[in-house]
Amino acid sequence: MAIEQTLSIIKPDAVALNRIGDILARFERAGLQIIAARMLQLTPAQVAEFYSVHKDRPFYPTLVEFMASAPVMAQVLQGEDAVKKNRDLMGATNPRKASPGTIRYDISRDVPEAEMHRNAVHGSDSAETARAEIAFFFKAGEVLPRGR
């Protein structure tokens, strides 16, 4: 298995619920290392750029509004098959379809169907996407890979 890096964002809903520590602990228990982290308030322009791949989707305007509404916590995770491992930890995009024990199920399963973007976390969907997403949030010297 390959050692990878992936981006994770704890979204405004989970930050507001004070679940940052719980989510970070889940990453570490799963064998992922947190090698960069920062809390920040994104502007609507930054969110629009970051999620530009979704610009033609009907949920895009509400996603931009939501992600710019309050602080988020962005982190870089490193470990064996980090992209897949993080996506497994997150669960299905729709929290109602996520498996019990996943982040999205545990934190967001009661979110109304029309607000599925309020699903606690974002994670890169591939190693290639992860590289671009990490560079969006962190400069090279801010990501500090660890040996073990």
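## The largest pocket

In this predicted model, 28 residues line the largest pocket. Tyr51, Val53, His54, His122 and Glu133 lie nearest its centre. Helix H3 (44-50), helix H5 (82-90), strand E4 (121-123) and helix H7 (127-137) each give two or more residues to the lining. H7 provides the largest share, 4 residues.

The volume of this pocket is about 650 Å³. What kinds of residue make up its lining, by class? There are 11 nonpolar, 9 polar and 8 charged residues.

Which residues of H7 are buried? They are Ala130, Glu133, Ile134 and Phe137. Look down the axis of H7: its buried residues fall within an arc of 105 degrees, so they line one face of the helix. An α-helix has 3.6 residues a turn, so residues three or four places apart point the same way.

What covers the buried residues of H7? The cover includes strand E1 (3-10), strand E2 (33-40), H3, strand E3 (72-80) and E4. The face turned away from the buried side carries exposed residues: Glu128, Arg131, Ala132 and Ala135.

## Salt bridges

Side chains of opposite charge can pair when their charged atoms come close. How many salt bridges does a search of the whole structure find? It finds 6.

One of them joins the side chains of Arg38 and Glu142, at 3.0 Å from N to O. This pair links distant parts of the chain. Arg38 is in strand E2, Glu142 is in the segment after H7, and they are 104 residues apart. Arg38 is partly exposed, at 27% relative accessibility. Glu142 is partly exposed too, with a relative accessible area of 29%.

## A pair within a helix, and a network

Arg26 and Asp22 also meet in a salt bridge, at 3.4 Å from N to O. Both sit in helix H2 (residues 20-29). They are 4 residues apart, so about one helical turn separates them. Buried or partly exposed? Arg26 counts as buried, at 11% relative accessibility, because the cut-off for buried is under 20%. Asp22 is partly exposed, at 24%.

Arg118 and Glu115 form another salt bridge, at 3.3 Å from N to O. Arg118 is partly exposed at 32%, and Glu115 is partly exposed at 34%. Elsewhere, salt bridges that share partners join Arg19, Asp22, Arg26 and Asp106 into one network.

Technical notes:
Residues numbered from 1 in each chain as written. Predicted model: local features only at pLDDT ≥ 70, side-chain atom pairs only at ≥ 80, totals over all residues. Heavy atoms only, no water. 1 Å grid on protein atoms, 1.4 Å probe; cavity = no way out; pocket = protein on both sides within 12 Å on 5 of 7 lines; lining within 4 Å. Points joined across faces, edges and corners; volume = space filled by probe spheres on them. Nonpolar A, V, L, I, M, F, W, Y, C, P; charged D, E, K, R; others polar. Buried < 20%, exposed > 50% of the residue type's maximum accessible area, 1.4 Å probe, protein only. Arc of directions from axis to C-beta. Contact = heavy atoms within 4.5 Å. Salt bridge = Lys/Arg side-chain N within 4 Å of Asp/Glu carboxyl O.
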